[in-house]
Amino acid sequence: MTVMIDTGNYIAAKAAVMARPDVVAAYPITPQTTLVEGIANYVKTGEFKGDYICVESEHSAMSACIGASAAGVRTFTGTSSHGLLLMHEMLHWAALARLPIVMCNINRVVGPGWNIWTDENDPISQRDTGWIQFYCSSNQEIFDTVIQSFKLAENEKVLLPVMINYNAFILSHTSMPVYIPEQREVDDFLQKYKPQWKLDVNNPITFGNIILPADYEKIRKDMQNSQENAKKLIPEIAKEWKKKFGRYHGDLIEEYKCDGADHILLAMGAIGSESKVSINNLRKEGLKIGLARVRTFRPFPNEEILKLGKQADLIVIDRNISIGSEGALFSEVKASLYGKSDTKVHGFIAGLGGKDVTYNDIETICRKVVEGKAKDCEWYGFEGSGK
Amino acid sequence: MSSKALVEICFHGRGGQGSVTAANLLVAAALKDGNKGVQAFPLFGAERRGAPVRAFARISDEEIHLRSEVYFPDIVIVLDESIIGIVDVLKGLKKSGKILINTTKEPEDFDFSNKYHVATVDATGVAIKHDILVGGIPVVNTPILGAIPKILDRVTLPSIQAVIKNKWKGEGGEINVKATQDAYDSVEVNF
């Protein structure tokens, strides 16, 4: 085991290469660029022995990944924001074709106005494509999640693509120390991918053919079952990783100081890390408050959230908004509780457009709720007329 | 500064001077010196050569959970004296904080030296002396790193020199190491 200090993107590149993919197909976009540069550099050093396909767009990147994965090989890519949106059609395709592609998506604002900073509207807008979605809060978690995701995606009970999300710049361009296992240890954890079926001229089968309504419905139901299976496998894989490498970032959620809490904060990504500082400060003030950092948005941790909702009132921070409705996490948290718990849930929209969300801001949000001054749903720190 | 405390550092420089590299090398050295939590990052934006830029570093004995910008630095490092007056380099600097400036002046020559701990070093002069130039422009980020252990006991000069040698193998690394020693030896302080 060695310690590497590097940015989230270079750490993701290291993890991807250590997973020994056979194909990487990607198109650069800020702030993902250094991720693919990192992989390109491993081509030069000889550490990446697979094929690196330079394509002319993200739609082509995902199409190339689909072709490669259908041919039965391990496949990786990375993108961000508009790149992810350009992939949209092929994201559905990858999931419906049951291809275990692993992709890092660096969460960046969608334009216009043109903005390279972070919020999470890019992956939230792709939530119904069938992809599993992780949200990371540290560079170590990025490394560990990339390797674990191949194991999850390729499991015959899952066979769905995985999107690993992390915040633009806050993680993609920030250097932190990361423990890197030996290659043989990664090989031992993540065995060679054995596809259930593949494009093979010697064993011709049909792919993506016309299918009648009843059979199509079966495909959709099977995907739903697979996401349910992932709910069980994510904790198992996390446990195995912990046993082998001593590191653990949570299952579908990471609970932090929830014992005895009468208020629990829910957040994703980097805000989920910053919140730990806030929880420590608020606990020192005597508030009984904890944090549940949501690691997977798909599959959604309904059962875990219901359990927390039976214990405490919930505070949700969304770095996204479903325009015309509310924050996506806020909506889904409430849906998890519906009819089973009458706990109060308060939603806050914060940090859109890359606005910094500090531990101080999070403490202000929590105090407002605890003191009974919060509305059901509001925009935190909004600087404008509000009209 | 207690050994357990979180130290937050803000680098002010101009695009191309290597502020981000300086922050990265500093935290790599700090990790070597036993600080378990370290972090380095640029001010996120559209960096351009010559424009004022910022980079940040955090050093702690524990894992760092903070992901927000540094607003109240313990230490400010100015790689380019000419940005003082254009950028408020003292913004948010804690009362007990320190400011290290690349300049030929003495600490007392700065009007804020009666309020803050000021350290000065002629990093540009050191870079020119050792012929550390890129495109004819002196590179000040490695010399100024050598001055930091004089004002921050959480990082040692040997660790800074080790990470520099690791980044630039061979003669290039050796020249930069000599520059850090020269800078270390020539720091002036008002405290």
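User: How many residues of chain B are in contact with chain A, and how many of chain A take part?

Analyst: In this predicted model, 18 residues of chain B are in contact with 23 residues of chain A.

User: And what area is buried between them?

Analyst: The buried area between chain B and chain A is about 1700 Å². Carbon and sulfur atoms give 63% of that area.

User: Which residues of chain B lose the most area to chain A?

Analyst: They are B:F44, B:H65 and B:R67. Together these three account for 43% of what the chain B side buries.

User: How many salt bridges are there between chain B and chain A, and how many residue pairs in polar contact?

Analyst: The count of salt bridges between the two chains is zero. The rule does find ten residue pairs in polar contact across the interface, with both residues at pLDDT 80 or more.

User: Which helices or strands of chain B supply the side that touches chain A?

Analyst: Helix α1 (19-32) and strand β2 (37-42) of chain B each supply at least two residues of that side. The largest share comes from β2(B), with five residues.

User: What is the make-up of that side by class?

Analyst: The side of chain B that touches chain A has ten nonpolar, five polar and three charged residues.

User: Changing topic: how much space lies in the largest pocket?

Analyst: The largest pocket holds about 1200 Å³ of space.

User: What lines it, and which residues lie nearest its centre?

Analyst: The lining of the largest pocket consists of 30 residues, and A:I5, A:D6, A:S175, B:N24 and B:K167 lie nearest the centre. By class, the lining divides into 13 nonpolar, 13 polar and four charged residues.

User: Which elements does that lining come from?

Analyst: Both chains contribute: β1 (2-7) and α2 (33-45) of chain A, and α1 and α4 (157-167) of chain B, each supply at least two lining residues. The largest share, seven residues, is from α1(B). Helix α1 of chain B also supplies at least two residues of the side that touches chain A.

User: Where do A:E141 and A:R293 lie in chain A?

Analyst: A:E141 is in helix α7 (residues 139-154) and A:R293 is in strand β11 (residues 289-294), so the pair ties together parts of chain A that are 152 residues apart in sequence.

Conventions
Residues numbered from 1 in each chain as written. Chains lettered and ligands numbered in written order. Predicted model: local features only at pLDDT ≥ 70, side-chain atom pairs only at ≥ 80, totals over all residues. Heavy atoms only, no water. Contact = heavy atoms within 4.5 Å. Buried area = accessible area lost by both parts, 1.4 Å probe. Salt bridge = Lys/Arg side-chain N within 4 Å of Asp/Glu carboxyl O. Polar contact = N/O pair within 3.5 Å; in protein donor to acceptor, adjacent residues only side chain to side chain. Helix = DSSP H or I, 4+ residues; strand = E, 2+ residues; numbered from the N terminus. Nonpolar A, V, L, I, M, F, W, Y, C, P; charged D, E, K, R; others polar. 1 Å grid on protein atoms, 1.4 Å probe; cavity = no way out; pocket = protein on both sides within 12 Å on 5 of 7 lines; lining within 4 Å. Points joined across faces, edges and corners; volume = space filled by probe spheres on them.
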